[in-house]
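This report describes one protein model, beginning with a single residue and ending with the whole chain. Please keep the sequence and the structure in view while reading.

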Amino acid sequence: MRKYNPIMVLVLFVFSIAFVIAQDPTLHFPSAPVDSVPVEEFIFFTPQDQALYISSIQDFEDNYQIAYDYFSSSANIMVVPDAFEQFMASQGITIFIDTLAPPSEFYYSPSGKLVGAGGEEVNIYDFSHAKESLKIDDEGNVIIVDSDNGEWPFSGTLSFSQGKFVIDDGEIGSQKIQDGEFILIGGTVRGNAIGFAGLHFEKSTAFEFVENNNIVKLVKATVKSVDADSDITIYGRKVLLPEGDRIEKGRLTFEKGSPVLVGSDSQVTIKGFTHTTQKDKTLRLVYVTSPELDNINAEEQDALSKVSLGSEFEHEWNDQFSKLSALKAKQKELEKRFRELVGSKASSEKINIVKQELESLSLSISLESDVLRKITTKYVPTVMVQEDIHQKYKEQREKLYAEIVPSIMPEENYFMYGDEHIWLGGDGFVSRAEDDNPIFLEYRVVFEGWQTRQRTGRLEFELKGGTMDVVKESPPKRPLALSLTLSGEGTITNGKYVFDADGQQILLSATDVSPSEELVSSDMRFEYHTHSGEMKLYDLNIDAEYYLELTSEERADLLERRAPIEEFLKAYSIELDENPQFKKIIAALEPLEDKLLLLRYDQEEALGQLRRAELAGTPAEKILTKKELDKITASIEDVDRQIVFLEQSAGGYDDFKRLREAQAEYADELDDINFRLVGDIGEIKSGVWGQIISSEDGNSFISYQEYIEGFPIIRNTDVRQWTAETYRQSAGVTVSGEELEIPNIIIKNSDRLQLDVLNGDQQCIDTQFRLAYEYAISTGQDICFGGGKTCLRDPQYFQRPQKFVEDWMASQSTQAYVRATQLVEAGSGSSWEDDIQVLSVDEYDTIQPGDVLILYGHAIGVKDVIEIPPGSGKKYIQQFAGSMPAIDAHIYQGVGEHGGLKSIEQLKSERRGIEGEKKKLLSVFRWKFRPYAT
């Protein structure tokens, strides 16, 4: 047999085919097969005869080698595509070839490797006798055709074995797939993969992809990451997503790698919020971002990084503060007990026990205060800087939000994420804050026992056709306080509280909670816009305390308890008058008891002086005050010896003593009962929910009442003391000393007014006047002090308002207003009537924000008037003050702190007083403002 050069034959063969196609692109093949020819003869056929021969083959079994060799060229495939399809069919392979496919765009090798125009690769012989088939489209791309004739473009290297496709790294149905093994059926991709559609799994994970709606179905899967360009919807159950997100059930749609739409009847957790939608309701998720916000956040983080502080410092400080606070609380209890024992003429033995405890406590408090001060110097400055930085950038963000949010708010149901800020609108969904919520991170932190602790939290928002705008108001690492602006209908669940907005008002109810479950609630201030356009303010302060009004049952119980006490005291008085032994004892005992009582009062005062000296005195003053106390104690012991001698020598003294002690106990109980009855004071209530009763603005500018009511506060933060205390022995008081380089924190978890301290000489009245003065300046009005002698409009203060305040502080004290209100009420203080309006006790029902209470010589302002509960008509006042030493103006929380929230009835009781008892409340006055004289 003649030998041929195979390379030359191949060149001639390809050239001949190209020539045939050029001459006659539409060949007409004979309908009848030609006789079979040997392979060695076939290669000498002209390209046209080869194409005619191949197209006429009916049985490729005898012509296998000829067809195999002929179709080894992709160009030959497109000369007779039908024949290639028939040749593949003879091998049990179904393939469709578009007659317009350019042969130069795909490659086929005799071994069965088929490479499409896009680089996709597949071994064509893997599809022998498979239900699935292949297709080359008009662009030369290789496509999988499933058993339902669905077409699936792919990329990467595809293999097919035992009815399953395998792609290591490529795409199927336009979706990326990594290490995937799958089948194609009914328009779906079903199988296992390490990654699919931009989702990267923790391990090879079962999935199903529905092409026509771009949905990936997953069950109990863990998604480690999502590509930034991924646009896909996940439909699944118990799917863990990156950064703590998850799908409990239902649909979640991603756009450009971010979750943006919660599907109907779904429950998903995104960025610390679990969103649950009703059937046929969806929820659009929006992330409020901009380059400007990114810059603000970056600047804040850079500033904070320069003042980083280890958590051990805060822990150390909290522990010491807790220890010192416990000692001070015990000291207050003992001082109260001491006064009660002295007032009831208790035995010296009982009184001395309390006295010794007080002396010991005074020294302990001094020592522990020194320890806290040392810790404060390394902890507090950093915290203050951090909070100042946070507040600065928070204000910048809020300003940007006001510009950005209205323009991106969707018309559909929405939940918008910001930094310490969320916006919700629509109906048919509930959004619940989770434990690791990054927006309201501290919502499950509670301040308890002078320390912050974590408990189970609960914070849910449900919309029913309304809108909510929720802002975090508390500083970082402090118990959560929120400010909410609401409209329409909806429900908020906060700890054990449920708030229902019905379009007209917000109603409060309590959730059913297991006794073992402690749900933390957060402070909230609501601005509610009703359907009728009315705006109402509500306040929830979970740390505030106040006295409830007496219930009818409590009043009846007090009256029932009082009757036998009064009978006993009446009988005791008769017994004293009729028993000659008792009369003789009293005649000898009363002078001694009167002297002892005076000495006890001196002793109480001396104990107070010792406490002040230990806290802020010099070593010499500490020694001197201790000597004074010891001197008084010695005098008391001398009188005690005389009383003991009388006890031992007087006949019938034991009976008298038993009766006398019972009388003292009953008298104390009667005083307490009468105080509660007159003041209408029931049990102490912790946690305030009420509607703020706002005053109307009757002027062209905001009223002073509105100014004080709306004055900004920092919620759930620290109250600081800016000056040291100095013991003034001659006056027996501690006063402001030098300004502290690092302020002391004296109260934690309290609401502080955003008002700076004027200077170290600030008294409590200065805080109140400062606010009135600032208001007068901002509204262009005049205000006077000193009985109208000095006014802001005076020429010496023109454009020098600071000088006006300095002169005020130099010449006016709290005592000046104590005297002034007394003069006005006595009818001889007319010169003051242009400065202040003194309210009579009958006018207390009209008390407004900004009014000033003079209580025990202390000036306290009214921040809000609150109706508790809303709609009840029962009014309470929220009190605030700043004082000397220079202390931040802050809201009073507890009933021990001048009463926390006080009812109007309690104010009246304190003003009127109880028979035989000094009045607690001296007066209530209101600042007067006048226009400038023209």
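In which helix is the place of Arg-600? Arg-600 belongs to helix 11, which runs over residues 580-616. The model is a predicted one, and this applies to everything reported below.

Is Arg-600 buried or exposed? Its relative accessibility is 2%, and because buried means under 20%, Arg-600 counts as buried.

The surroundings of Arg-600 come from other parts of the sequence. Setting aside neighbours within four places in sequence, Arg-600 is in contact with Phe-338, Val-342, Ser-348, Ile-351, Asn-352, Ile-636 and Asp-640. With one of these, Ser-348, the Arg-600 side chain makes a polar contact, side chain to side chain, at 2.7 Å. The C-alpha atoms of Arg-600 and Ser-348 are 9.7 Å apart, while 252 residues separate the two in sequence.

## Helix 3

Which residues of helix 3 are buried? They are Pro-47, Gln-50, Ala-51, Leu-52, Tyr-53, Ile-54, Ser-55 and Ser-56.

## Thr-491 in strand 28

Strand 28 spans residues 489-494 and contains Thr-491. With a relative accessibility of 8%, Thr-491 counts as buried.

Which side chain does the side chain of Thr-491 meet in a polar contact? The partner is the side chain of Lys-464, at 3.1 Å. Lys-464 is also among the contacts of Thr-491 beyond four places in sequence; the list is Glu-460, Phe-461, Glu-462, Lys-464, Met-468, Val-498, Phe-499 and Asp-500.

## Phe-106 in a loop

Phe-106 is found in the loop that joins strand 1 (95-97) to strand 2 (107-108).

What does Phe-106 touch, not counting residues up to four places away in sequence? The residues are Ser-74, Ile-77, Met-78, Ala-101, Leu-114, Val-115, Gly-116, Ala-117, Ile-136 and Gly-140. For Ala-117, the C-alpha to C-alpha distance from Phe-106 is 5.0 Å, at a separation of 11 residues in sequence.

## The protein as a whole

The protein holds 18 helices and 47 strands. Its C-alpha trace spans about 160 × 75 × 55 Å along the principal axes. The radius of gyration is 44 Å, whereas a compact globule of 934 residues would have one near 30 Å.

Of the 934 residues, 50% are buried. Where contacts join residues at least 6 apart in sequence, 59% of them link residues at least 24 apart. The accessible surface comes to about 44,300 Å², and carbon and sulfur atoms account for 49% of that area.

How many positive and negative side chains does the protein have? There are 96 positive and 156 negative ones, and 9 Å lies between the centres of the two sets.

Methods: Residues are numbered from 1 along each chain as its sequence is written. This is a predicted model: local features need pLDDT of at least 70, side-chain atom pairs count only at pLDDT 80 or more; totals for chains, interfaces and linings use all residues. Side-chain values use heavy atoms; hydrogens and water are left out. Helices (H or I, at least four residues) and strands (E, at least two) are DSSP runs, numbered from the N terminus. The radius of gyration is taken over C-alpha atoms; the globule rule is 2.2 Å times the number of residues to the power 0.38. Buried means under 20% relative accessible area, exposed over 50%, partly exposed in between (1.4 Å probe, protein chains only). Contact means heavy atoms within 4.5 Å. Accessible areas come from the Shrake-Rupley method with a 1.4 Å probe; for residues, only the protein chains shown count as cover. Lys and Arg count as positive and Asp and Glu as negative; His and the chain ends are not counted. The place of a charge is taken as NZ of Lys, CZ of Arg, CG of Asp or CD of Glu. A polar contact is a pair of N or O atoms within 3.5 Å; within protein, one must be able to donate a hydrogen and the other to accept it, and residues adjacent in sequence count only if both atoms are side-chain atoms.
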